[in-house]
Amino acid sequence: RAPYGATLSRATMNMWDVVKMQKYELKKLWGNKRQLLFQSLNLAMIVFSALMIWKSLMVFTESESPVVVVLSGSMEPAFQRGDILFLNNHDHPIRVGEIVVFKVKDRDIPIVHRVTKVHEKPDGKVELLTKGDNNRVDDRGLYAPGQLWLRREDILGRAVGTLRYVGMVTIILNDFPALKYLLVGIMALFVLTNKEA
């Protein structure tokens with residue numbers, strides 16, 4: 001069995017071989033403009049396919065954000081930091097106990113919390129009060145100044161499904177933007193230099 005240093009050295013050599021091979025493929029691609037155009041169109045097709053899937057999910061779920069990542073521990077133990085939630089914003093009445101995702105005016109990041117009170121007005125409008133399961137007080141301190149209740153239009157959707165901890169990748173990439181750009185660049189490079197059979 002090889003010592004740890006030798007294994008690490010071989011892995012580093014293999015990584016450098018991959019880098020050299022990608023550099024060679026990129027130079028070769030630059031020399032063949034037709035192939036460069038073809039690979040660029042492949043990359044554009046991948047990006048546009050992802051956008052089409054996202055837009056389709058928006059239409060199907062009636063939510064401007066059909067998938068969100070839980071960013072804090074305020075909903076523990078129901079949801080952990082890094083869980084991915086799938087949302088649905090169909091016009092069914094929201095009830096006490098449901099978990100909703102809402103956006104407050106002048107805040108960029110949506111909040112995932114449980115509905116604790118529903119106040120139905122005589123004119124048919126509904127007001128909601130929310131609270132994180134792991135928080136001691138309700139969310140009135142998080143709402144916009146002077147706002148005591150959430151309106152239906154503040155709700156992005158209700159949680160209908162979850163994937164545990166998969167969203168940690170998103171959290172790490174947002175915490176380290178340089179890593180995000182590096183990974184996107186590497187993926188683009190591999191798509192551009194990928195040989196079609």
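Mentor: Ala, Val, Leu, Ile, Met, Phe, Trp, Tyr, Cys and Pro count as nonpolar, Asp, Glu, Lys and Arg as charged, and the others, Gly among them, as polar. The model is predicted, with local features requiring pLDDT of at least 70 and side-chain atom pairs pLDDT 80 or more, while totals for chains, interfaces and linings use all residues. Residues are numbered from 1 along each chain as its sequence is written, and side-chain values use heavy atoms, without hydrogens or water.

Trainee: How many residues of the lining of the largest pocket are nonpolar, polar and charged?

Mentor: A pocket is an open set of points on a 1 Å grid over the protein atoms alone, where a 1.4 Å probe fits, with protein on both sides within 12 Å along at least five of seven lines; lining residues have an atom within 4 Å of a point. Strand 1 (67-69), strand 4 (111-120) and helix 3 (168-175) each supply at least two lining residues; helices (H or I, at least four residues) and strands (E, at least two) are DSSP runs numbered from the N terminus. By class, the lining has 13 nonpolar, six polar and two charged residues.

Trainee: Which element gives the most to the lining of the second largest pocket?

Mentor: This pocket has a volume of about 200 Å³, and its lining has nine nonpolar, no polar and no charged residues. Among them are Leu43, Ile46, Val184 and Met187. Helix 2 (33-61) and helix 4 (177-193) each supply at least two lining residues. With five residues, the most is given by helix 2.

Trainee: How far apart are the end C-alpha atoms of residues 165-192?

Mentor: The UniProt annotation "transmembrane region", from an unreviewed entry, covers residues 36-54 and 165-192; such annotations may be inferred rather than shown by experiment. Residues 36-54 are 100% helix and 0% strand, with end C-alpha atoms 27 Å apart. Residues 165-192 are 86% helix and 0% strand, and the distance between their end C-alpha atoms is 31 Å.

Trainee: Are helix 3 and helix 4 roughly parallel or roughly perpendicular to each other?

Mentor: Their axes (lines fitted to C-alpha atoms over the stretch in contact) lie 5 Å apart at an angle of about 110°, where angles run from 0 to 180 degrees between N-to-C directions. The contact (heavy atoms within 4.5 Å) involves Ile172, Leu173, Asn174 and Asp175 of helix 3 and Pro177, Leu179, Lys180 and Leu183 of helix 4. Under 35 degrees counts as roughly parallel, over 145 as roughly antiparallel, 65 to 115 as roughly perpendicular and the rest as oblique. Helix 3 and helix 4 are therefore roughly perpendicular.

Trainee: What omega does the cis peptide bond between Glu76 and Pro77 have?

Mentor: Most peptide bonds are trans. Pro77 is found in the loop between strand 1 and strand 2 (84-88). For the cis bond that joins Glu76 and Pro77, omega is about 5°.

Conventions. Points joined across faces, edges and corners; volume = space filled by probe spheres on them.
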